[in-house]
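Student: Could you walk me through how to read a model like this one? I would like the general idea of each feature, then the case at hand.

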Amino acid sequence: MAAGKESSVEKDDGCNAGRDGPGDLRDPWYDELATGWSESDGVGTPAPMSPAVPVPEGDRSATDIYLQVQASEAFQEVRRRYRRFVVPGVAVFFTWYVAYVVTATSAPGLMARPVTGAVNVAMLAGLGQFVTTFLLTWAYARHARLRRDRAALDLRWTVFEQKRERELRQGASGDR
C-alpha cells in the first residue's frame, strides 16, 4: 500500500465515520445523549459541572496529571455523588438480606406460614431478594448515567488532553 494512503477499513470507523466537530468519532468519550447532564441545583435546572483541571505548565509526568485530577473539585464531586448513592444502598440491601436470613433461621414458623396455595412467606421473601437486587441494579445504573457519567467523562477527556499535550511537547523536544 502506498505511504500516506488509508485502506477502506481504516477510513470506516463505523456508523457516521469521518464526522468533524462535536461528536467526532475520534473522541472516544463523547456521548451525545449525556451532553449537559448534571445534578439539579434544586430549582430544576441542571447545575453545570466543569472539570476545572488546569493544564500543567512545563513537562509533567502522567502520574502528576492523574494526581492533579484526583485532587480537583470535580473529581471529588463525582466521588461524593458515588458515595451518596452506594453507602445507603448497600446498607439497606444488606439489612434486608440479613433480616431475611435471620428470620428464616430464627422464626421458621413465620416463614412457613402459607400465603396462597403452596406459596409461603419464605418463598415471597426469597423472590423479594431477587426483585430488590434487580431494582438496586437498575437504580445504580440510572444514578450513574444521570449523576456521574458526564462529569467522569469530562474528567477523562481532560486527562486525555493533558497527556496528549505532554506527549506532543516531548515529541517536539525530541525532534530537535
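Student: What should I know about the numbers before we start?

Tutor: This is a predicted model, so local features need pLDDT of at least 70 and side-chain atom pairs count only at pLDDT 80 or more, while totals for chains, interfaces and linings use all residues. Residues are numbered from 1 along each chain as its sequence is written, and side-chain values use heavy atoms, with hydrogens and water left out.

Student: How many helices and strands does the protein have?

Tutor: Helices (H or I, at least four residues) and strands (E, at least two) are DSSP runs, numbered from the N terminus. Here there are 5 helices and 2 strands, and along the sequence they follow the pattern α-α-α-α-β-β-α.

Student: How do I read burial and surface?

Tutor: A residue is buried under 20% relative accessible area, exposed over 50%, and partly exposed in between (1.4 Å probe, protein chains only). Of the 176 residues of the protein, 20% count as buried. Accessible areas come from the Shrake-Rupley method with a 1.4 Å probe, and for residues only the protein chains shown count as cover. The protein's accessible surface comes to about 12300 Å², with 61% of it belonging to carbon and sulfur atoms.

Student: And what do the contacts say about sequence separation?

Tutor: Contact means heavy atoms within 4.5 Å. Taking contacts between residues at least 6 apart in sequence, 62% join residues at least 24 apart.

Student: How many salt bridges are there?

Tutor: The general idea is that side chains of opposite charge can pair when their charged atoms come close. The rule asks for a side-chain nitrogen of Lys or Arg within 4 Å of a carboxyl oxygen of Asp or Glu. By this rule the count is 6 salt bridges.

Student: Which residues are linked in a network of salt bridges?

Tutor: The network links Glu 73, Glu 77, Arg 80, Arg 81 and Arg 84. One of its pairs is Glu 73 with Arg 80, at 2.4 Å from N to O. Glu 73 is exposed at 54% relative accessible area, and Arg 80 is partly exposed at 28%.

Student: Are Glu 77 and Arg 81 buried or exposed?

Tutor: Glu 77 is buried, with a relative accessible area of 17%, and Arg 81 also counts as buried, at 4%. Their side chains meet in a salt bridge of 3.2 Å, N to O. Both residues lie in helix H3 (residues 73-106), 4 residues apart, about one turn of the helix. Glu 77 also has a polar contact of 3.5 Å with the side chain of Arg 84. A polar contact is a pair of N or O atoms within 3.5 Å; within protein, one must be able to donate a hydrogen and the other to accept it, and residues adjacent in sequence count only if both atoms are side-chain atoms.

Student: Which residue forms a salt bridge with Glu 161?

Tutor: Glu 161 pairs with Arg 164, their closest N and O atoms being 3.0 Å apart. The two are 3 residues apart in helix H5 (residues 121-174), about one helical turn. Arg 164 is partly exposed, at 39% relative accessible area.

Student: How do I read aromatic pairs?

Tutor: Rings of Phe, Tyr and Trp (its six-membered ring) pair if their centres lie within 6.5 Å; planes under 30 degrees apart count as stacked, over 60 as edge-to-face and the rest as tilted. The structure holds 2 aromatic pairs. In one of them, the ring centres of Phe 85 and Tyr 140 are 5.9 Å apart and the planes are at 50°, so the pair is tilted. Phe 85 lies in helix H3 and Tyr 140 in helix H5, so the pair ties together parts that are 55 residues apart in sequence. Tyr 140 counts as partly exposed, at 34% relative accessibility.

Student: Which residues make the nonpolar surface patch?

Tutor: Patches are made of residues with over 30% relative accessible area and no salt bridge: like charges are joined within 9 Å, nonpolar side chains (Val, Leu, Ile, Met, Phe, Trp, Tyr) within 5 Å. Val 90, Phe 94, Tyr 97, Val 98, Val 101 and Val 102 make a nonpolar patch of about 510 Å². Val 101, in helix H3, is partly exposed at 33% relative accessibility.

Student: What does Tyr 100 touch?

Tutor: Leaving out residues up to four places away in sequence, Tyr 100 touches Met 111, Ala 122, Ala 125, Gly 126 and Gln 129. Tyr 100 and Gly 126 are 26 residues apart in sequence and 7.8 Å apart in space, C-alpha to C-alpha. Tyr 100 is found in helix H3 and counts as partly exposed, at 22% relative accessibility.
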